[in-house]
Amino acid sequence: MASVHTYDKSSQRHVLPLRPTIKDYAWGIRGLDSRVARFALESGVIDEVDPDSPYAELWLGTHPSGPTTLRDGTTLESVVGGQLPFLFKILSAGKALSIQAHPCKDGAKRLHLENPTNYGDDNHKPELAVALTPFEAMCGFRRLEEIAILIKKHPEFAACISNEAKLAIFLCSRDEDDKKKALRMLFQSFMSCPVETSQVQLKKLLKRLQKEQSVDHVHPHEEPPWERKCARAILRLAQQFPGDSGAMAPFLLNYLLIAPGESFYMAANEPHAYVAGEIIECMACSDNVVRAGLTPKFKDVDNLVNMLTYSMGGPTINAGTPAYGDDRIMRYTPPTGEFEVMIITCNPGEDITLPALSVPAIFVVLEGSGNTDNEEGQRLVMRPGRSYYMPEHCPQLTLAVNDSKRGPLRIALAHENQHLDEPTLSCAEDSKQWGGEFALPTPTSNPGTPRSPNKYVGVRELNLKPGVTVPFKVPKL
């Protein structure tokens with residue numbers, strides 16, 4: 001623990017050590033395998049780690065559902081003088097989180113007014129994720145062309161969707177509004193499928209997929225990678241949530257795997273479900289979640305269907321941008337004003353001074369160890385899991401790592417967005433950089449034109465010319 005004399009909570013110039021809040025949601029990683037558990041132990045929040053208990057989230061902020069305190073029990077909110085605009089988290093997911101979305105500001109106010117028990121605040125909740133380990137997630141709707149292929153390929157999935165919704169997909173024009181209407185009809189139809197029907201079809205689907213994934217089936221290299229990934233994801237989700245039709249979500253949502261250091265941004269009203277791995281998560285100060293599957297918690301399907309934007313394609317994947325003229329400071333900036341994140345790395349034998357900030361900030365040590373110094377002579381304990389509050393305009397803190405160390409000191413710093421005019425990330429609706437899991441040409445015919453999935457490779461293979469349309473036949477439903 002940092003010596004008592006190294007900080008004074010009444011000072012507006014001192015960096016203050018924090019005690020976060022932890023959440024033991026059932027999807028969390030268990031025992032010491034969880035980074036949340038190890039960080040909670042290091043920060044003094046818990047005295048020991050139960051190897052059988054899940055440790056899911058570590059919260060740093062002023063939200064009333066998980067307020068951070070100083071080591072003497074003083075709330076961070078009282079030190080700040082109000083709420084911080086962001087909520088900073090470490091998340092350790094051992095199994096899938098719910099299929100969910102977070103409301104926009106107007107939606108959050110309405111939900112909080114109508115159902116304050118399940119929607120405890122009236123704020124929106126856009127969020128940014130930065131991977132600490134390889135991280136799997138379902139984010140944003142697939143494009144209609146992809147969904148059309150999957151409907152044709154998987155009759156069990158098709159049986160959970162009305163004929164009208166399938167026709168809307170296959171006969172949809174290239175107009176973006178028409179595509180969104182067709183996608184909404186499809187999603188609403190799937191989510192309102194009777195439980196008896198969806199459970200029967202899910203059992204049939206799982207039986208077939210298990211057979212297709214066996215050694216007796218087609219050689220793995222003869223099957224497109226996106227098909228293998230989709231099938232394996234469904235089998236895995238069904239094992240975690242038996243009988244839940246939400247296991248078919250990979251047919252509807254993009255399935256992503258991102259590497260450590262990579263990030264994405266989820267805007268309000270965009271569907272997603274984190275599947276496995278550990279991330280830094282930063283969001284607006286809210287805990288509003290509208291769920292619809294893969295969870296035993298309260299499900300609010302009607303509100304979810306009505307609130308979504310029905311944008312297609314996944315979010316941009318970004319590994320950060322060097323900031324303040326130093327490539328050891330990587331900036332992750334979303335297109336929203338409440339927050340941004342910096343990952344700062346100090347290598348052995350080096351020192352680095354944190355940027356001067358005109359807004360309050362929180363940082364957490366991710367890995368390594370080192371020394372600190374500033375004008376106030378503060379010597380802070382820098383070990384993985386330690387977290388600190390930096391008041392606005394406080395003296396700059398310098399980090400240093402002895403050259404005898406074998407690895408770098410790395411911290412994550414969150415604060416109100418100071419680079420809103422230079423975002424590094426965007427949501428699916430704004431992004432045109434990522435076209436979905438398998439590259440599709442701009443269609444010259446309706447998106448549901450029947451072709452073999454293997455033929456959706458690119459314009460060169462299709463050899464299409466401008467103005468040429470492919471003969472279209474409505475597939476059998």
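1. Which residues of helix α6 (residues 163–170) are buried? In this predicted model, the buried residues of α6 are Ala165, Lys166, Ala168, Ile169 and Phe170, where buried stands for under 20% relative accessible area, exposed for over 50% and partly exposed for the range in between, with a 1.4 Å probe and protein chains only. Helices here are DSSP runs of H or I with at least four residues, strands are runs of E with at least two, and both are numbered from the N terminus.

2. Some conventions come before the remaining points. Residues are numbered from 1 along each chain as its sequence is written, and side-chain values use heavy atoms, with hydrogens and water left out. Because the model is predicted, local features need pLDDT of at least 70 and side-chain atom pairs count only at pLDDT 80 or more, whereas totals for chains, interfaces and linings use all residues.

3. For the chain as a whole, there are 11 helices and 23 strands, and 56% of the 477 residues count as buried. Among the contacts with a separation of 6 or more, 77% are accounted for by residues 24 or more positions apart, a contact being heavy atoms within 4.5 Å. The chain exposes about 20400 Å², of which carbon and sulfur atoms supply 49%; such areas come from the Shrake-Rupley method with a 1.4 Å probe, and for residues only the protein chains shown count as cover.

4. To return to α6, its buried residues pack against α4 (144–153), α5 (155–158) and α7 (176–191). The axes of α6 and α7 come within 8 Å and cross at roughly 150°, axes being lines fitted to C-alpha atoms, for helices over the stretch in contact, with angles from 0 to 180 degrees between N-to-C directions. The two helices α6 and α7 are therefore roughly antiparallel to each other; angles under 35 degrees count as roughly parallel, over 145 as roughly antiparallel, 65 to 115 as roughly perpendicular and the rest as oblique. On the α6 side the contact is made by Glu164, Ala165, Ala168 and Ile169, and on the α7 side by Ala182, Leu183, Met185, Leu186 and Ser189.

5. A further helix pair is formed by α8 (residues 195–212) and α9 (residues 225–240), which pack at an angle of about 125° with their axes 10 Å apart. Helices α8 and α9 are therefore oblique to each other. In this pair Leu205, Leu206, Leu209 and Gln210 of α8 meet Ala231, Ile234, Leu235 and Ala238 of α9.

6. Ser198 is also found in helix α8, and Ser198 is buried, with a relative accessible area of 6%. Once its neighbours within four places in sequence are left aside, Ser198 is in contact with Cys160, Cys193, Ser245 and Met248.

7. Turning to the sheets, 8 strands form an open sheet in the order β6-β1-β21-β19-β23-β17-β16-β15, with antiparallel pairing; two strands pair if DSSP finds at least two bridges between them. Strands β6 and β15 (321–323) stand at the edges, each with a single partner strand, so one side of each is left without a neighbour in the sheet. Within this sheet, strand β16 (residues 326–332) runs antiparallel to strand β17 (residues 340–346) and is joined to it by 4 bridges, and the bridge partner of Met330 in β17 is Ile343.

8. Apart from its neighbours within four places in sequence, Thr69 is in contact with Leu18, Arg19, Thr74, Thr75 and Leu76, while 9.2 Å separates the C-alpha atoms of Thr69 and Val79, which are 10 residues apart along the chain.

9. Another open sheet is formed by 3 strands in the order β18-β22-β20, again with antiparallel pairing. Strands β18 (351–353) and β20 (371–373) stand at the edges, each with a single partner strand, so one side of each is left without a neighbour in the sheet. Neighbouring strands of this sheet are turned by 20° against each other on average, direction ignored. Strand β20 pairs with β22 (residues 398–400) in the antiparallel sense over 3 bridges, and Asp373 stands opposite Thr398 in β22.

10. Finally, strand β11 (residues 253–258) is mostly covered, since 5 of its 6 residues are buried. Strand β10 (residues 135–141) pairs with β11 in the antiparallel sense over 5 bridges, and Leu257 in β11 is the bridge partner of Glu136.
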